[in-house]
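Colleague: Could we go through this structure together, one question at a time?

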Amino acid sequence: MRIQLLIVLLALICTAASLDPNWVSKYNVVWNTTTADERGSLPLGNGDLASNVWLENKTGDVLFYLAKADAWDVNAQLLKVGRIRLHFDPPLYTPTTPTFRQSLDLLRASVNISAENYDVVLFADAVRPAFRIQGRRTDEKAFSVQISLEMWRNETKPVPSKWVEGQFCKDRFIFPDTVVNPIPANFPSNVLVWYHRNEPENSTFWSDSLALQGLESLNNSLHDR
């Protein structure tokens with residue numbers, strides 16, 4: 001009886017959704033003010049990639065974090081892989097900009113930013129590990145965008161204790177990312193390339209855990225699994 005009732009409820013929900021495919025739009029998140037930092041960000045993702053997007057009020061730049069479901073570091077921490085800054089010229093936003101709107105469009109899974117003569121849309125590709133950014137000026141005037149990378153893993157440093165309190169039996173370290181410069185000849189000239197590699201010589205949380213249990217012999221057999 002309970003299973004039948006559940007099926008009926010699901011059928012009613014699906015029927016209601018099919019009658020009005022835009023029903024979810026009434027739950028869109030809309031903000032009319034800017035923010036100073038990521039605490040005023042909106043989320044994006046596609047099940048693999050994730051991001052937080054916001055417009056920084058002191059610069060008028062659009063910023064977003066990048067994260068991926070399998071971007072584990074050497075300490076078994078799932079971390080942000082970087083922050084991207086989009087600087088518009090002319091500025092997308094200034095303190096004297098008369099209108100501003102930032103919204104999370106649930107139907108299209110996008111973040112939309114409108115400020116005076118700009119419309120900017122950010123979304124995660126549904127079938128590829130990529131974020132897409134679309135921008136235009138409503139007055140059709142020319143504009144340019146400068147893209148810059150802001151890394152936080154830029155040197156070797158201890159893991160903050162508040163992150164891993166009680167998890168490790170020895171000191172752990174964060175290791176820096178690598179920026180590819182110069183760009184390889186077979187790459188487009190206007191790209192940013194960086195990566196993070198969990199080097200074999202930097203013992204991993206996984207290998208240390210096996211060693212504590214006296215199971216070092218399993219380390220190679222379970223590598224990359």
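**Core and rings**

Colleague: Which residues of the largest nonpolar core touch the most other members?

Modeller: A nonpolar core is a set of buried Ala, Val, Leu, Ile, Met, Phe, Trp, Tyr and Cys residues joined through side-chain atoms within 4.5 Å, where buried means under 20% relative accessible area with a 1.4 Å probe, protein chains only. The largest such core has 23 residues, and those touching the most other members are Val62, Leu92, Ile113 and Leu122. This is a predicted model, in which local features need pLDDT of at least 70 and side-chain atom pairs count only at pLDDT 80 or more, while totals for chains, interfaces and linings use all residues. Residues are numbered from 1 along each chain as its sequence is written, and side-chain values use heavy atoms, with hydrogens and water left out.

Colleague: Which strand gives the most to this core?

Modeller: Strands are DSSP runs of E, at least two residues long, numbered from the N terminus. Several strands each supply at least two residues of this core, including β4 (62–68) and β7 (110–115). The one that gives the most, with four residues, is β8.

Colleague: How many residues apart in sequence are the parts that Trp54 and Tyr65 tie together?

Modeller: Trp54 and Tyr65 form a tilted aromatic pair, 5.3 Å centre to centre with 50° between the planes; rings of Phe, Tyr and Trp (its six-membered ring) pair if their centres lie within 6.5 Å, and planes under 30 degrees apart count as stacked, over 60 as edge-to-face and the rest as tilted. Both Trp54 and Tyr65 are buried. Because Trp54 lies in strand β3 and Tyr65 in strand β4, the separation of the parts tied together is 11 residues.

Terms used
Buried means under 20% relative accessible area, exposed over 50%, partly exposed in between (1.4 Å probe, protein chains only).
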